[in-house]
Amino acid sequence: MTPRALFWSLIAALAVGTWAMRSLPIMAHGRVPHPPWLERLLRHVPVAALTALVVPGSLFVKSGDAWAAAPARTIAAVLAAAVALRTKNTALTLAVGMAALWAGQAALSAF
Amino acid sequence: MSRRRHSLIEGMRDVSPILIGVVPFGLVAGAAVVQVGFGLPEALGMSFIVCAGASQIVATTLFGDGAPLWLALGTALVVNTRMFIYSASIAPVLSHASARLRPVLGHMLVDQNYVTTMTRGRFREDVDVIPYYVGAWVALSGTWQVSNIAGALLGPMVPPSWGLDFAVPLVFLAMLAPTLKGTTSVTVAIVTGVASALLVPTLPMQTGLLVAIIAGIAFGAWRDGRPVEEAA
């Protein structure tokens, strides 16, 4: 399979799986069993998933298969985290984080 | 104006303040598809058929990093399992929908639509909740598709030296901040953060992300189940 066909099969499978999780309880009128233990597990999905998506990208940069420490990114991410916690504003978090990264990169390359 | 139309418009109006927050996320998701070597059709496939931002980015970047298909799919689906609980909890609110309409309403269940309908729409006397929910989705989805398209078109024009890939953790950071309520969620974040820092760069075949997420979920469930004096 070409990479493009492979990627389309990923899109299709992800779409079907996501649709099923979104729709089945609504279609079954809420009668799909969702025992308390399952709810207890899934309650933690957003925090766990988002943290795992934030942390590695804030500590490292990846070039090819190698991971290297990225101090400018780490500092920028800490500043952006302060903004995110205080303002809960996506655009502002993004702006501060990117500006801090560029400032940090400029400062590091000046040495 | 008919009640149905009024409800539709009110749904759109109630989500309008949060639309601006959707835009950067959509730009990043659209740009990610182009960054791994595909184009506008694939970006639209993701934004329109999948229509679940975090999982779009996860599936796209894992695929681009050479992860096997099952892993890119599995990790993205784990990220979306929260929607199962959304669906179960919103089902009674949408129970007047016909059997034919329900599969469509399911596809419309995105985070912001769920929150807005559950916290505002269903309590409003002046609206019917189903057209309200549809209206909220139309506004959200329209914004989502346009920003994904813009990301796919504009992304390639940004030089790599700008480090735009850093926008991915930043938008997730902005989404994470409001979910950190109570000591349980903070400790889950700490455990997951340490696990991901150690595992993502080291585990083979890009499995680190999935393992770190599952470790965080398991830790949270374990902590909930533990008898503690003060409930978090």
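Biologist: Thanks for sitting down with me over this predicted model. Which helix of chain B has an axis that comes within 10 Å of that of helix α7 (residues 111-119) of chain B, and at what angle do the two cross?

Modeller: Two packed helices are described by the angle between their axes and the distance between the axes. For α7(B), the partner is helix α8 (residues 129-154) of chain B, and the axes come within 10 Å. The crossing of these two is right-handed. The crossing angle is roughly 145°.

Biologist: Nice. How do the residues of that contact divide into nonpolar, polar and charged?

Modeller: From α7(B) come B:Gln112, B:Asn113, B:Thr116 and B:Thr117. From α8(B) come B:Val129, B:Tyr132, B:Tyr133, B:Ala136, B:Trp137 and B:Leu140. The division is six nonpolar, four polar and no charged.

Biologist: I'm curious about B:His107. Which residues does B:His107 touch, not counting residues up to four places away in sequence?

Modeller: B:His107 lies in helix α6 (residues 102-107) of chain B. Its C-alpha atom is separated by 19 Å from that of B:Phe25, 82 residues apart along the chain. Leaving out residues up to four places away in sequence, B:His107 touches A:Trp19, A:Arg22 and A:Ser23.

Biologist: And is B:His107 buried or exposed, or in between?

Modeller: A residue needs 20 or more neighbours within 10 Å to be buried, and 12 or fewer to be exposed. B:His107 has 18 C-beta neighbours inside 10 Å, so it counts as partly exposed.

Biologist: Over to chain A. Why is chain A described as more spread out than a compact globule?

Modeller: Chain A has five helices and two strands, in the order α-α-α-β-β-α-α from the N terminus on. For 111 residues the globule rule gives 13 Å, and chain A is well over that value, so it is more spread out than a compact globule. Along the principal axes, its C-alpha atoms fill a box of roughly 60 × 45 × 25 Å. The radius of gyration of chain A is 20 Å.

Biologist: In the hairpin of β1(A) and β2(A), which residue takes a positive phi?

Modeller: Strand β1 (residues 60-63) and strand β2 (residues 66-69) of chain A run antiparallel and are joined by four bridges. A:Ser63 stands opposite A:Ala66 in β2(A). Two residues lie between the strands, and the one with a phi near 65° is A:Gly64.

Biologist: What is phi of B:Cys51, and is the residue buried or exposed?

Modeller: Most residues other than glycine have a negative phi, and most peptide bonds are trans. B:Cys51, in the loop between α2 (40-50) and α3 (53-64) of chain B, has a positive phi near 55°. With 23 other C-beta atoms within 10 Å, B:Cys51 is buried.

Biologist: Last one: where is B:Gln206 found, and what is its phi?

Modeller: B:Gln206 is found in the loop between α10 (182-199) and α11 (208-225) of chain B. B:Gln206 counts as partly exposed, because it has 19 C-beta neighbours inside 10 Å. Although B:Gln206 is not a glycine, its phi is positive, at about 60°.

Note on methods. Residues numbered from 1 in each chain as written. Chains lettered and ligands numbered in written order. Predicted model: local features only at pLDDT ≥ 70, side-chain atom pairs only at ≥ 80, totals over all residues. Axes fitted to C-alpha atoms, helices over the stretch in contact; angles between N-to-C directions. Left-handed = near helix turned anticlockwise from the far one by under 90°. Contact = placed C-beta atoms within 7 Å. Nonpolar A, V, L, I, M, F, W, Y, C, P; charged D, E, K, R; others polar. Rg over C-alpha atoms; globule rule 2.2 N^0.38 Å. Pairing = 2+ DSSP bridges.
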